[in-house]
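Please look through the sequence and the model below before reading on. The report that follows takes up the overall make-up first and then some selected parts.

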Amino acid sequence: MISRRTFFTTFFASCLALVSWLHFAPVAHALGGKLPAINQPAPEFTLPTNTGNGKISLSDLRGKWVVLYFYPKDFTSGCTIEARRFQQDLPKYLEKNTQIIGISADDVDSHAEFCDSEGLKFPLLADTNGAVSKAYGSWIGFLSMRHSFIIDPQGILRETFVKVNPSIHSTEVLARLEKLQSAAS
């Protein structure tokens with residue numbers, strides 16, 4: 001008999017594989033909806049989190065660079081790999097005055113359990129109704145797509161990633177962040 005977690009992990013991984021296979025949308029219009037425009041203010045949000053005072057708003061992070069990454073589901077293989085890579089590179093992001101924020105439709109309790117099991121030291125936000133994921137063009141019915149965004153210290157969206165490979169994504173984001181920061185200097 002397979003466990004409930006194994007069943008759901010396999011089910012969601014299969015759904016994500018199907019969605020990835022069907023993903024033929026152009027870059028400007030992601031499968032999850034219309035992406036926000038580069039070099040424009042990033043969509044504002046306030047969501048519950050598993051850390052700190054219980055909520056985080058994008059406006060709370062002014063003065064820092066933000067890597068905002070959307071992912072489908074806690075405890076699934078791709079999402080776990082992606083989170084581990086961001087955690088592994090967290091010291092490099094902190095050196096660059098950058099806050100990593102993960103967002104999915106999972107609730108705060110699931111995020112807390114995921115962070116505890118994976119040793120994650122950055123906040124995960126609960127977008128249970130998908131409102132923020134929709135604002136970022138990253139929502140497909142009941143879960144967030146694997147998209148990432150770099151937002152500058154003034155709250156301006158500077159980069160969008162829609163074709164994300166969880167194994168190397170943090171490295172790609174760091175490289176792009178370095179270029180954006182050196183151009184801004």
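Is Cys115 buried or exposed? Cys115 counts as buried, because its relative accessibility is 5%, where buried means under 20% relative accessible area, exposed over 50% and partly exposed in between, worked out with a 1.4 Å probe on protein chains only.

## The model as a whole

This is a predicted model, in which local features need pLDDT of at least 70 and side-chain atom pairs count only at pLDDT 80 or more, while totals for chains, interfaces and linings use all residues. Residues are numbered from 1 along each chain as its sequence is written, and side-chain values use heavy atoms, with hydrogens and water left out.

The protein has six helices and eleven strands; these are DSSP runs numbered from the N terminus, with helices being H or I of at least four residues and strands being E of at least two. Of its 185 residues, 51% count as buried. Among the contacts with a separation of 6 or more, 68% are between residues 24 or more positions apart, a contact being a case of heavy atoms within 4.5 Å.

## Two nonpolar cores

A nonpolar core is a set of buried Ala, Val, Leu, Ile, Met, Phe, Trp, Tyr and Cys residues joined through side-chain atoms within 4.5 Å. The largest one here has 23 residues, of which Tyr69, Phe86, Tyr93, Ile100, Leu124 and Ile150 touch the most other members. At least two residues of this core come from each of strand 5 (65-70), helix 2 (77-88), helix 3 (90-95), helix 4 (108-118) and helix 6 (169-184), and helix 6 gives the most, with four residues. Another core, of 19 residues, lies apart from this one and includes Leu68, Val132, Ile151 and Val162.

Leaving aside neighbours within four places in sequence, Ile100 is in contact with Val67, Tyr69, Phe86, Leu90, Tyr93, Phe122 and Pro123.

The buried residues of helix 4 are Ser110, His111, Phe114 and Cys115. They lie on the same side of helix 4, because they cover an arc of only 135° around the axis, the arc being that of the directions from the helix axis to the C-beta atoms. As a general point, an α-helix has 3.6 residues a turn, so residues three or four places apart point the same way. The cover over the buried residues of helix 4 includes helix 2, strand 6 (98-104) and strand 7 (124-126), whereas Asp109 and Asp116, on the other side of helix 4, are exposed.

At the start of helix 4, a side-chain oxygen of Asp107 comes to within 3.2 Å of the backbone nitrogen of Asp109. After helix 4 comes Gly119, which has a positive phi, near 70°.

## Thr80 in helix 2

Thr80, which is placed in helix 2, is buried, with a relative accessible area of 9%. A polar atom of the Thr80 side chain lies 2.8 Å from the backbone oxygen of Thr76. Not counting residues up to four places away in sequence, Thr80 touches Phe75, Phe114 and Glu118.

Strand 10 (residues 147-151) and strand 11 run antiparallel and are joined by four bridges, where two strands are said to pair if DSSP finds at least two bridges between them. Strand 11 (residues 157-161) is largely enclosed by the rest of the structure, because four of its five residues are buried. Their hairpin has five residues between the strands, and Gly155 in this hairpin takes a positive phi near 85°.

Ser148 lies in strand 10 and has Phe161 as its bridge partner in strand 11. What joins the side chains of Ser148 and His169? A polar contact of 2.7 Å joins them, a polar contact being a pair of N or O atoms within 3.5 Å in which, within protein, one must be able to donate a hydrogen and the other to accept it, and residues adjacent in sequence count only if both atoms are side-chain atoms. Ser148 and His169 are 21 residues apart in sequence and 9.1 Å apart in space, C-alpha to C-alpha. Ser148 is buried, with a relative accessible area of 1%.
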